[in-house]
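Subject: Structure handover

Hello,

Here is the structure I said I would pass on. Please open it first, then read the notes below with it in view.

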Amino acid sequence: MGRKIEYIIPEEYNEKRVISYLRGEIKLSSRLIRTLKHYDTGITLNGVHTRTVDIMHTGDILGVDIPCPDGEIEPVEMPIDILYEDDDLIIINKSPFLACHPTHNHQGDTLANALVFHLMQENKPTMFRAVGRLDKGTSGIVICALNKHAANSVPKTVEKEYYAVVEGHLEEKGTIDAPIYRPDPMKTLRAVGEGGDRAVTHWEVIKQNKNLSYVRVNLETGRTHQIRVHFASLGMPLVGDYLYGTQGDIGHQLLHCGKVTFTHPVSREKMTITAPPPEDMQMIIDSI
């Protein structure tokens, strides 16, 4: 099963080559274009197979048929909070108690399993392509691409906004610019230290009391556990973070991806998706 998309060639692309529209307007990757060339219906012009060097004219219909092979993830029926869905994307507000991908510790109880089940019910391709994953214990927005073009296009335009509750009293706003490395290659634990990869985290306090700060966080880089490691390095770990702070009785770190903006891979529309934090996190936010 594939994703078939048709485009009407506008005047500004009159008498230009097919490749100019594929790369310039649709922004297909070079790799995907090479793949499409192997299929008779991969790239068509007015319903007929075309080459990327062929000339288009105003009003022509350029067709792209993106192959979408099914994956090998086991479908498992579980409730998921779907925020948006079309033929190219499905966007989910992930529970903090769900891992994104199956691992040796998580088999059959992940977001991937639940999403594949949902897609099967709708006769859609069941390949799981998360555009940036969230750690188990972190809640919020996960964008999943339903074809190769969306998987390649969306990451180039996506911006995320995180919300966290940290222990301690912070300044109104600030930046943590500190490298992150992996002390033990056999463990997931990260730490701030020389020789690590550059990592930059910007924060702004939304509200706070003498014990807790509720902050908005934007990332300039995207290192594993970056927000958790950076705040822990200040002596202000995220509430509930068993790995870098103290677990308490919450069961997960209070970190939530609450807003994403991106350009839709087909319509090229600028989109903004928001999601509320889980109830246990919201209760603590309300108490601050």
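Predicted model: local features only at pLDDT ≥ 70, side-chain atom pairs only at ≥ 80, totals over all residues.

β15 and β16 are antiparallel and are joined by 5 bridges. β15 also runs antiparallel to β9, and 6 bridges join these two. With β8 (residues 139-145), β15 pairs in the parallel sense over 2 bridges.

Which residue of β15 is the bridge partner of serine 139? It is histidine 256. Tyrosine 163 also stands opposite histidine 256. If you look along these strands, remember that side chains in a regular strand alternate between the two faces of the sheet.

Is β15 enclosed or open? It is largely enclosed by the rest of the structure, because 8 of its 9 residues are buried.

Arginine 268 is not a glycine. Its relative accessibility is 26%, so it counts as partly exposed, the class between 20% and 50%.

Glutamate 15 is not a glycine either, and has a positive phi of about 60°. This residue lies in the loop between β1 (2-8) and α1 (18-24). Glutamate 15 has a relative accessible area of 56%, and because the cut-off for exposed is over 50%, it is classed as exposed.

**Helix α6**

Helix α6 covers residues 279-287, and its residues Met281, Ile284 and Ile285 are buried. They lie on the same side of α6, because they span an arc of only 105° around the axis. The face turned away from that buried side carries Glu279, Met283, Asp286 and Ser287, which are exposed.

What covers the buried residues of α6? The cover includes four strands: β9 (159-167), β13 (200-208), β14 (212-219) and β15 (255-263).

**The second largest pocket**

Rolling a probe the size of a water molecule over the atoms shows where empty space is left. The second largest pocket holds about 470 Å³ of space. Its lining has 19 residues, and Arg133, Tyr162, Leu219, Gly222 and Arg223 lie nearest the centre.

Which elements supply at least two residues each to this lining? They are β9, β14 and α5 (226-233). Of these, α5 gives the most, with 3 residues. By type, the lining of this pocket divides into 5 nonpolar, 8 polar and 6 charged residues.

**The chain as a whole**

The protein chain has 6 helices and 16 strands. Taken along the principal axes, its C-alpha atoms fill a box of roughly 65 × 40 × 40 Å. Of the 288 residues in the chain, 48% are buried. Among contacts with a separation of 6 or more, 66% are between residues 24 or more positions apart.

Regards

Terms used:
Residues numbered from 1 in each chain as written. Heavy atoms only, no water. Buried < 20%, exposed > 50% of the residue type's maximum accessible area, 1.4 Å probe, protein only. Arc of directions from axis to C-beta. Contact = heavy atoms within 4.5 Å. 1 Å grid on protein atoms, 1.4 Å probe; cavity = no way out; pocket = protein on both sides within 12 Å on 5 of 7 lines; lining within 4 Å. Points joined across faces, edges and corners; volume = space filled by probe spheres on them. Nonpolar A, V, L, I, M, F, W, Y, C, P; charged D, E, K, R; others polar. Pairing = 2+ DSSP bridges.
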